[in-house]
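Take a look at the fold below. How do its parts pack together?

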Amino acid sequence: MSDERLISIDRIWARVRGRLRQEFGESTYRSWIRSLVLEEVIGQRVTLAAPTLFMRDRIVSQYGDRITLAWAAESADTVNDCLITVRSSDEPVIEAVTADSNVTKNSLSLEPKAIRTMVKKENSLEGSLDSRFTFDNFVVGKPNELAYAAAQRVSGSDEVLFNPLFLYGAVGLGKTHLMHSIAWDIRRRDPSRRVLYLSAEKFMYQFIRALRFKDTMAFKDQFRSVDVLMIDDVQFIGGKDSTQEEFFHTFNALVDQNRQVIISADKSPTDLEGLEERLRSRLGWGLVADIHPTTYELRLGILQSKVEKLGVVVPTKVLEFLAHKITSNVRELEGAMNRIAAHATLVGRDITLEATQEVLHDLLRSYERRVTIEEIQRQVASHYQIRVGDMHSARRSRSIARPRQIAMFLAKQLTQHSLPDIGRRFGGRDHTTVLHAVKKIDELCIIDKQFQDDVEFLRRMLET
Ligand code: ADP
Ligand code: MG
């Protein structure tokens with residue numbers, strides 16, 4: 001693989017994303033496209049990875065054609081030759097890699113293959129357990145020590161100590177890693193115990209399929225014999241009433257039989273949206289352990305451990321630079337490290353700070369553009385000539401409440417903060433207030449062009 005080709009593919013991908021960003025607008029771009037990872041390019045076959053099955057499906061159905069067009073345009077391929085596959089990171093990688101094993105020799109994998117060995121499914125419900133996701137590979141620091149300790153207690157004990165164990169934290173902070181670690185550990189200690197791990201999306205799909213084929217008994221049966229049930233990312237069943245209902249029954253049945261249930265979500269039970277009250281409260285009965293955003297120390301520790309495993313030489317300066325710059329989550333941090341390592345291996349040059357900045361320039365740029373809620377509040381307040389303090393105040397006159405709603409709206413669009421979190425930063429308001437603001441501003445933008453221009457103007461100011 002030539003040096004130029006590698007760099008040019010990275011460039012193409014950066015330009016494709018630039019196009020899509022322009023085409024779809026900022027909020028769609030951020031919600032759907034930004035999380036796509038370029039995984040593999042074999043000739044004209046391009047594989048992208050989406051974080052979840054749900055996102056994969058949505059991206060393929062809504063944006064698939066546009067992505068293909070953009071890629072064809074930027075790579076000077078004809079559209080007919082260009083085949084874009086989007087897979088979800090939830091799925092086993094094996095299929096994607098071995099589907100065409102005779103051509104993988106010439107392929108350009110941006111993530112070293114060696115570290116992506118996956119374990120084959122044991123049955124259809126079990127999903128895949130990632131062999132890298134073990135306790136040994138989990139770096140413990142202040143932000144995750146409680147969740148880690150809880151996970152170890154659950155897997156190390158034959159009794160059910162707390163039910164359920166509820167792990168929560170923002171995306172990419174290690175929830176799935178901890179759940180897989182528990183599964184591996186339990187299997188190692190006692191292979192006869194039946195552990196079932198599946199994502200809430202998969203639970204939902206299976207359930208809907210069972211309904212369609214009138215086969216709900218078989219669906220229910222699959223859970224009966226389980227000793228430990230883990231459901232990952234339960235926030236996805238919010239709002240899906242019949243799935244929730246089924247989940248609630250499955251959950252209760254297992255807890256009644258003293259089987260261990262382990263749940264993860266991106267929010268605490270109290271903050272989960274669209275969940276029935278009895279389920280919400282039931283989820284909080286056991287031990288609720290949160291994973292906080294990473295600290296600089298933890299990020300550095302994770303990078304060091306990663307470098308050891310990859311067996312590449314990376315100067316401390318580079319690690320410190322990455323730990324300092326890439327603060328969002330561990331997944332992005334790992335992604336950056338993998339890209340640098342892959343680049344160095346393929347190109348055969350040392351990893352330097354300059355090379356790092358070059359390889360990651362698009363990623364780093366997107367970080368520099370990230371806005372904070374405080375900046376949004378300041379800009380919006382000054383634009384409407386109100387005091388920044390009014391963003392937090394209880395005053396309700398329209399001349400103040402409207403700009404406050406605009407600021408909430410922009411905070412939702414331009415930052416990664418959750419609705420409850422945004423509410424807290426606007427004088428401790430409830431997440432429903434933020435949701436209301438977002439809807440209101442959306443509506444106003446549709447019926448009032450002048451208003452929309454105003455909001456657009458503010459958004460551009462904040463983004464540049
Ligand atoms: P989540 O499920 O919370 O979105 P994941 O468990 O998928 O996050 O973690 C994202 C990536 O970061 C995984 O590759 C995982 O191995 C890695 N990771 C997260 N936290 C740690 C940690 N403390 N030590 C080592 N790797 C971690
Ligand atoms: Mg996860």
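Predicted model: local features only at pLDDT ≥ 70, side-chain atom pairs only at ≥ 80, totals over all residues.

Five strands form an open sheet, and their order is 6-7-8-5-9. The pairing is parallel. Strand 6 (195–199) and strand 9 (287–291) stand at the edges. Each has a single partner strand, so one side of each is left without a neighbour in the sheet. On average, neighbouring strands are turned by 15° against each other, direction ignored.

Now look inside the sheet. Strand 5 (residues 165–169) and strand 8 (residues 260–265) run parallel and are joined by four bridges. Leucine 167 has serine 264 of strand 8 as its bridge partner.

Next come the helix pairs. Two packed helices are described by the angle between their axes and the distance between the axes.

Take helix 2 (residues 26–33) and helix 3 (residues 53–75). They pack at an angle of about 130°, with their axes 10 Å apart. Angles over 145 degrees would count as roughly antiparallel, and 65 to 115 as roughly perpendicular. Helix 2 and helix 3 are therefore oblique to each other. Helix 2 brings Thr28, Ser31, Trp32 and Ile33 to the contact. Helix 3 brings Phe54, Met55, Arg58, Ile59, Tyr63 and Ile67. Of the residues in this contact, seven are nonpolar, two polar and one charged.

The second pair is helix 17 (residues 398–414) with helix 20 (residues 449–463). Here the packing angle is about 50°, and the axes lie 11 Å apart. Helix 17 and helix 20 are therefore oblique to each other. Helix 17 passes helix 20 in a right-handed crossing. On the helix 17 side, the contact uses Arg402, Ile406, Phe409, Leu410, Gln413 and Leu414. They meet Phe451, Val455, Leu458, Arg459, Leu462 and Glu463 in helix 20. By class, this contact has eight nonpolar, one polar and three charged residues.

Finish with helix 12 (residues 316–325). Which of its residues are buried? They are Val318, Leu319, Phe321, Leu322 and Ala323. What covers these buried residues? The cover includes helix 11 (296–310) and helix 13 (330–347). It also includes helix 14 (353–359) and helix 15 (361–368).

Technical notes: Residues numbered from 1 in each chain as written. Chains lettered and ligands numbered in written order. Heavy atoms only, no water. Buried < 20%, exposed > 50% of the residue type's maximum accessible area, 1.4 Å probe, protein only. Helix = DSSP H or I, 4+ residues; strand = E, 2+ residues; numbered from the N terminus. Contact = heavy atoms within 4.5 Å. Axes fitted to C-alpha atoms, helices over the stretch in contact; angles between N-to-C directions. Parallel < 35°, antiparallel > 145°, perpendicular 65-115°, else oblique. Nonpolar A, V, L, I, M, F, W, Y, C, P; charged D, E, K, R; others polar. Pairing = 2+ DSSP bridges. Left-handed = near helix turned anticlockwise from the far one by under 90°.
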